[in-house]
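Hi,

Here is the structure I promised to send over. Have a look at it first, and my notes follow below.

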Amino acid sequence: MPSILLVEDDQMDIMNVQRELRKNNINVPLHIARNGREALNMLRGEADQTKIEQPSVVMLDINMPRMNGLELLEQIRSDPEFVNLNVFITTTSDLESERLKAQNLAVSGYIIKPLSFDSFGEGGTTVDGFSLFLDLLKMKE
């Protein structure tokens, strides 16, 4: 069963993702973690968190408190159980340094926030990243 782990601390961004998934009739379980620490606990079933089934896709915000996206990605990539997870970085910035760091940690793609399918014209990355993401989900059904 495909599922998504959304690691995001901004409530508006969470609602935005939920809306876009609904708009595209993607009815898969969406697990939400507010920071990298919480996401790790959910993946591993630590710190009184129920262990979730390994998600098909992780949507990972880079800028978060406690443990940011890149720190979480380093943890995931160094864990044999999660080394092959599909991770998409969601970011408002197009910072080259962040991109390079993330590429070294084998991300599946970037989704520029705010997430929207309506911005075909501007900076194609939004659509490319997210359509790839949707294809991945559909393949796993």
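How much accessible surface does the protein chain have, and what share of it belongs to carbon and sulfur atoms? The total is about 7,200 Å², with 49% belonging to carbon and sulfur atoms (Shrake-Rupley method, 1.4 Å probe; for residues, only the protein chains shown count as cover).

Before you dig in: this is a predicted model, where local features need pLDDT of at least 70 and side-chain atom pairs count only at pLDDT 80 or more, while totals for chains, interfaces and linings use all residues. Residues are numbered from 1 along each chain as its sequence is written, and side-chain values use heavy atoms, with hydrogens and water left out.

On the fold, the protein chain has 5 helices and 5 strands, and they run β-α-β-α-β-α-β-α-β-α along the sequence. (Both are DSSP runs numbered from the N terminus: helices are H or I with at least four residues, strands E with at least two.) Of its 141 residues, 50% are buried, meaning under 20% relative accessible area with a 1.4 Å probe, protein chains only.

Now for H3, residues 69-77: Gly69, Leu70, Leu72, Leu73, Ile76 and Arg77 are buried there. Seen down the helix axis, the buried residues of H3 fall within an arc of 155°, so they line one face (the arc is taken over directions from the axis to the C-beta atoms).

Asparagine 41 counts as buried because its relative accessibility is 11%.

Cheers
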